Amino acid sequence: MLFSVLVETRPRAGVADPEGQTIERSLPALGFDGVSGVRVGKVFRFTLEAADAASAQAEVDDMCQRFLTNPVIEDVEFTVTAAEGAAV
Amino acid sequence: MPAVVGVVVFPGSNCELDAVEAVRQLGGEARLLWHRDASLGDVDAVVLPGGFAHGDYLRPGAIARFSPVMNAVGEFAAAGGPVVGICNGFQVLTEAGLLPGALQKNAGLKFLCTTVALRVEATTTPLTSEVEEGTVLRIPINHFEGNYTCSPETLAELRSDDRIIFRYVDNPNGSVDDIAGICSAGRNVVGLMPHPERASHPLLGSSDGVPLLRSLLATAANSAVV
């Protein structure tokens, strides 16, 4: 089965995010007031072939822990959905 | 027999020749090792140089840790061989799990290219064995992601085991506890953000890196890893 995968990383709670802080400080200059808690992360989108949803989940979890994120400084969330048009 | 220092070259490394030159100037033998090499040959020490291995894609060091040579570096380190990661090399060592913690973007988001004062905090490592504790050295830094961070538990361990070997006198990048360099539990793997090889001659503005490199050569000469 083909699955669409969306992986989102962000700096872990408690880890400073100088990029996010700088963006947050810059927004009021353009008139965007009231923004807080800006955190800058990364997004990965890809297609994964796997036997079933459970094994796709397990594989994505493994690649997140071992490669896509650095667990020391990043948190990750991901979603795995059956790809449109994929044979079920 | 001069000590043989292997300097690993990843695609995107750019300080390898500085390291080679500094080692040779001090009487050591330096060899470049390509990142696809599966073996280190008969080197007595390994240096992972600065630069932008694999373009720093994903995260600095994240892809370099999968280069074939890193298996050999891991085995060499496990056998007690001296391994020094400078700047990007430090980032590679943390990503490879050979050193704890991680290096994130500098506080202030500035790429820092300057010379800093560095205090030697521990002398029982391959890079500081010939330096007195408390010595302040002037060594260049050149990084965007040099802001060392780790969990509170790791920090407590680094402190209690005397594994913080260099601290910035005036913290330039937001590193926790002013950390500029650390060593492994076995003390033979060292990572630091400053560049001792760029402070290897008075004409370069400082020769304060020389005692560090001399320490490495002395340790390498006595290294028994085959």
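A salt bridge here is a side-chain nitrogen of Lys or Arg within 4 Å of a carboxyl oxygen of Asp or Glu. This is a predicted model: local features need pLDDT of at least 70, side-chain atom pairs count only at pLDDT 80 or more, and totals for chains, interfaces and linings use all residues. Residues are numbered from 1 along each chain as written, chains are lettered from A and ligands numbered from 1 in the order written, and side-chain values use heavy atoms, with hydrogens and water left out.

**Stop 1: the salt bridges**

Over all chains, the structure holds 14 salt bridges. Select B:Arg167 and B:Asp177. Their closest N and O atoms are 2.8 Å apart, in a salt bridge. B:Arg167 sits in strand 9 of chain B and B:Asp177 in the loop between strand 9 and strand 10, so the pair ties together parts 10 residues apart in sequence. Helices (H or I, at least four residues) and strands (E, at least two) are DSSP runs, numbered from the N terminus. B:Arg167 is buried, at 17% relative accessible area. B:Asp177 is partly exposed, at 22%. The cut-offs: buried is under 20% relative accessible area, exposed over 50%, partly exposed in between (1.4 Å probe, protein chains only).

With B:Arg167 and B:Asp177 they form one network, joined by salt bridges that share partners. Within it, B:Glu121 and B:Arg119 pair at 3.0 Å between closest N and O atoms. B:Glu121 is buried, at 14%. B:Arg119 is partly exposed, at 29%.

Now go to chain A. A:Arg66 and A:Asp62 meet in a salt bridge, 3.0 Å from N to O. They are 4 residues apart in helix 2 of chain A, so about one helical turn separates them. A:Arg66 is exposed at 53%, while A:Asp62 is partly exposed at 36%.

**Stop 2**

Select B:Asp44, in the loop between strand 2 (29-34) and strand 3 of chain B. Show what touches B:Asp44, leaving aside neighbours within four places in sequence: B:Pro2, B:Ala3, B:Val4, B:Phe76, B:Pro82, B:Ala220 and B:Ser223. Contact means heavy atoms within 4.5 Å.

**Stop 2: the aromatic pairs**

There are 2 aromatic pairs over all chains. Rings of Phe, Tyr and Trp (its six-membered ring) pair if their centres lie within 6.5 Å; planes under 30 degrees apart count as stacked, over 60 as edge-to-face and the rest as tilted. Select A:Phe67 and B:Phe66. The ring centres are 5.1 Å apart and the planes at 80 degrees, so this pair is edge-to-face. A:Phe67 lies in helix 2 (residues 53-68) of chain A and B:Phe66 in the loop between strand 3 (45-48) and helix 2 (68-78) of chain B, so the pair joins two chains. A:Phe67 is partly exposed at 28%, as is B:Phe66 at 46%.

Next, B:Phe90 and B:Tyr148. This pair is stacked, 6.0 Å centre to centre with 10 degrees between the planes. B:Phe90 is in helix 3 (residues 88-95) and B:Tyr148 in strand 8 (residues 147-149) of chain B, 58 residues apart. Both B:Phe90 and B:Tyr148 are buried.

**Stop 3: B:Ile182 and the cores**

B:Ile182 is in strand 10 (residues 179-183) of chain B. It is buried, at 0%. Its contacts beyond four places in sequence include B:Phe90 and B:Tyr148, along with B:Leu158 and B:Ile164.

Then colour the largest nonpolar core, which has 69 residues. Such a core is a set of buried Ala, Val, Leu, Ile, Met, Phe, Trp, Tyr and Cys residues joined through side-chain atoms within 4.5 Å. B:Phe10, B:Leu40, B:Val46 and B:Phe166 touch the most other members. A second, separate core has 13 residues, including A:Val7, A:Leu48, A:Ala56 and A:Val60.

**Stop 4: backbone and confidence**

Check two non-glycine residues with positive phi. B:Leu109 has a phi of about 55 degrees, in the loop between strand 5 (102-104) and strand 6 (112-120) of chain B. B:Asp178 has a phi near 60 degrees, in the loop between strand 9 (164-168) and strand 10.

Last, colour chain A by pLDDT, the predictor's confidence in each residue, from 0 to 100. The chain A mean is 92, and 95% of its residues reach 70 or more.
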